[in-house]
Amino acid sequence: MTTVTPQDLQVRPITAADNPLIARVIRDVSAEFGLTADKGYTVSDPNLDRLFELYSEANSAYWIVEHQGKVLGGGGVAPLACSAPDICELQKMYFLPEARGFGLARDLALRAMDYARQQGFRRCYLETTASLTRAIKLYESLGFTLIDTAMGCTGHVDCEVRMLRTL
C-alpha cells in the first residue's frame, strides 16, 4: 500500500465518474462506525449513488479528496431542505482511515462554509451521531454549537447530535 502524504492529496469538485467511488467510501466508513441504513444514517439516503447530480443543483457543492487517483473521502454543502432559505447543511463528510489526521475535514468544512457564504447563506446546520466524537470536536472547534431540536427534513432520524453555526 502506498503511504499517503498531505502533499499528494488533491481536493477537487465531484464528477459523475466519482459517484460509485464516493458512495463506496461512505458505505465503508459508515460500516466502520456501525452507522447502518436501518437507523436512517447517510447510507439510507436514496441519492447516495448519485451525488454528482445532487450537488450539481443550485447552491450546492461537493468536493472529493483523492490520492493518486483513489477517492479517499469527500464533503459538501447544500440548502437545508424544508427550512429557511438562509440555512445550508454541511453534508456527507466521510474519509477513509488513510486520509484522516491531515486536517482535510477541517479544510473541507471551511471550504464548504466559504462557498455557502458566497451563495448568500447565513447559517450552517449539521447532524451527526454521538459516537463520532472526533467529528463533534472538529465541528465545535469550527464554531458549531449544539442545538436541541432537528432542523429541516433530512431524514436522518438517528442523528441525535444537531449543530448550528452562523456564517
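Me: Of the contacts in the protein chain between residues at least 6 apart in sequence, how many join residues at least 24 apart?
Reply: That comes to 65%, with a contact meaning heavy atoms within 4.5 Å. Bear in mind this is a predicted model, where local features need pLDDT of at least 70, side-chain atom pairs count only at pLDDT 80 or more, and totals for chains, interfaces and linings use all residues. Residues are numbered from 1 along each chain as its sequence is written, and side-chain values use heavy atoms, leaving out hydrogens and water.

Me: Why is R12 called buried?
Reply: Buried means under 20% relative accessible area (1.4 Å probe, protein chains only). R12 has 15% relative accessibility, so it counts as buried. Across the protein chain, buried residues make up 47% of the 167 residues.

Me: What makes the R12 and D18 pair a polar contact?
Reply: The term covers a pair of N or O atoms within 3.5 Å; within protein, one must be able to donate a hydrogen and the other to accept it, and residues adjacent in sequence count only if both atoms are side-chain atoms. The side chains of R12 and D18 are joined at 2.7 Å. Leaving aside residues up to four places away in sequence, R12 also touches others, including Y62, W63 and I64.

Methods: Buried < 20%, exposed > 50% of the residue type's maximum accessible area, 1.4 Å probe, protein only.
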